[in-house]
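Work through the exercises below with the sequence and the 3D view side by side. Try each task before you read its solution.

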Amino acid sequence: MVFEFKLPDVGEGLTEAEIVSWLVSEGDTVTEDMPVAEAETDKAVVEIPSPVNGTVREILADAGEMVPVGNVIITFNVEGEDEPPIEAETETEPEKPAEAEKAASNGESSAKGGRVFAAPSARRLARELGVDITTVVGSGPSGRVTDQDVRAAAEGGKDGAQAAAEPTTEPEAEPASDTTESSGAQAAVSMQKPADREKTLAAPATRSLAEELGVDLNAVPEVEKREGQSFVTPEAVREYAAAQTEAKQADVASLAATSKEDERVPYRGIRRTIGKQMERSKYTAPHVTHHDEIDVTDLVAMRSDLKEEAENRGVKLSYMPFVMKAIVAGLKEFPYMNSMLDEEAEEIVLKKDYNIGVAVATDAGLMVPVVKGVDQKGMLQVSQEMNDLVGKARDRSIARSDMQGGTFTITNFGAIGGEYATPIINFPEVAILGLGAIKEKPRVVDGDIVPRHIMTISLSIDHRIIDGAIAAQFANTVKNYLENPALLLLE
């Protein structure tokens, strides 16, 4: 009996996941709960276990393929169940080439007994092109459907598929020269070379048409001479506009073409998730960024004093926990900074939790682990939890729940050396604080120029919810706590 295994929801509500790799091959024996594949969700790679004991019958998705949850990704011959009928079993044996060719030449489908011999890539292509793969005639070994068969079916229907399946008897055409594909466009452009005149005669309707199409009448090739001047018609304007459009499309295609030196990397997995999130945030929340600098000389001294004691307690103490506590103090004073917009209900939700996310650059991309309840924890506990979560994010062992529930996010681009940036809000939060590098700079104190430790900040806000004045006041509060770190003892 064939057991079809559908991609489960491996990520708490995900609609799709990427098959990173297969851990089994067709024909392998598997046991229940044995990992058969690795799939990548929004942030983590998880193993997908076999739900049954049996033998791998067919793998239906390629490694690297994005698969919707609920799609069949693998089938098993289940042990202890009825064996497939003899006829079905014989279908798995390779057909003789002559039989396959005969079937192809007769226009028979490659689907026999409801089964189609096709690679996962061909199946995926068929889905993308809207082709019923069971109707496609396969030209591969044993009638296997190839990508070329699917494309032929998409372009020419059944006839196209059959044509692809038929063996090629004519010598292959010589490879097209580099200019072959664009010859049509080039010909059109050549025929419609801009005239570059100073004056052109045309009817008012023709001039209106040219204006609508964005065409310069003096560039349209003349149709005839009238009174010694070039005259153009509406048809000439339309032809010229069409030729220009075709030429532009050819230019775009040329730019999109990949040279031998280029490398194409699939836009998938975490990079795709990050991209979608950034796009959504940038085009949903109108961003405004407030920049400032903070004299953290006293904070640098305090942290230096506490660093050794923290290490004695097994905690590596960075500046981040101080910043997190200062931010919580600011969020309590300006609650709209710790909110989200419920667009459907048209309500602003003021969060009562203080869950601070910390953006972490990993080899796989940007991740944001969240330290929850920062207001209820001491400095060392916040530091320890943050260090643990950052480590898990970097080795990709972090749980999805550890990256959810954030109410405010910090990004520390200063760790790489930058001072100012324009952080993109971690939507649906309404603000994000970027930290620049701490550098020793000259400053005027009591009339004297002295060296001070200066940290720059970049605070981006959702201008739908937060006014610029509120952002500045919030930044001032954070600034006050970090310039006077002893105040954090009161929090």
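**Exercise 1.** Find the salt-bridge partner of Lys377 and give the distance between their closest N and O atoms.

*Solution.* Start with the rule: a salt bridge needs a side-chain nitrogen of Lys or Arg within 4 Å of a carboxyl oxygen of Asp or Glu. Lys377 pairs with Glu385, and their closest N and O atoms are 2.8 Å apart. Next, check accessibility. Buried means under 20% relative accessible area, exposed means over 50%, and partly exposed lies in between (1.4 Å probe, protein chains only). Lys377 has 17%, so Lys377 is buried. Glu385 has 23%, so Glu385 is partly exposed.

A note on the source: this is a predicted model, where local features need pLDDT of at least 70 and side-chain atom pairs count only at pLDDT 80 or more, while totals for chains, interfaces and linings use all residues. Residues are numbered from 1 along each chain as its sequence is written, and side-chain values use heavy atoms, leaving out hydrogens and water.

**Exercise 2.** Which parts does the salt bridge between Glu419 and Lys441 tie together?

*Solution.* First, the distance: the closest N and O atoms of Glu419 and Lys441 are 3.0 Å apart. Now place the two residues. Helices (H or I, at least four residues) and strands (E, at least two) are DSSP runs, numbered from the N terminus. Glu419 sits in the loop between strand E17 (408–411) and strand E18 (431–445), and Lys441 sits in strand E18, so the pair ties together parts 22 residues apart in sequence. Glu419 is partly exposed at 23%. Lys441 is buried at 17%. Elsewhere, shared partners join Glu343, Asp462 and Arg464 into one salt-bridge network. The total count of salt bridges is 10.

**Exercise 3.** Is Ser230 buried or exposed? Name the residue that makes a polar contact with its side chain.

*Solution.* Ser230 lies in strand E10 (residues 229–231). Its relative accessible area is 5%, so Ser230 is buried. A polar contact is a pair of N or O atoms within 3.5 Å; within protein, one must be able to donate a hydrogen and the other to accept it, and residues adjacent in sequence count only if both atoms are side-chain atoms. The side chains of Ser230 and Glu222 meet in such a contact, at 2.5 Å. Glu222 also forms a salt bridge with Lys225, with closest N and O atoms 3.5 Å apart. Glu222 is partly exposed at 37%, while Lys225 is exposed at 52%.

**Exercise 4.** How many of the 14 residues of H10 are buried?

*Solution.* The count is 12, so H10 is largely enclosed by the rest of the structure. Among them are Met320, Phe322 and Leu331.
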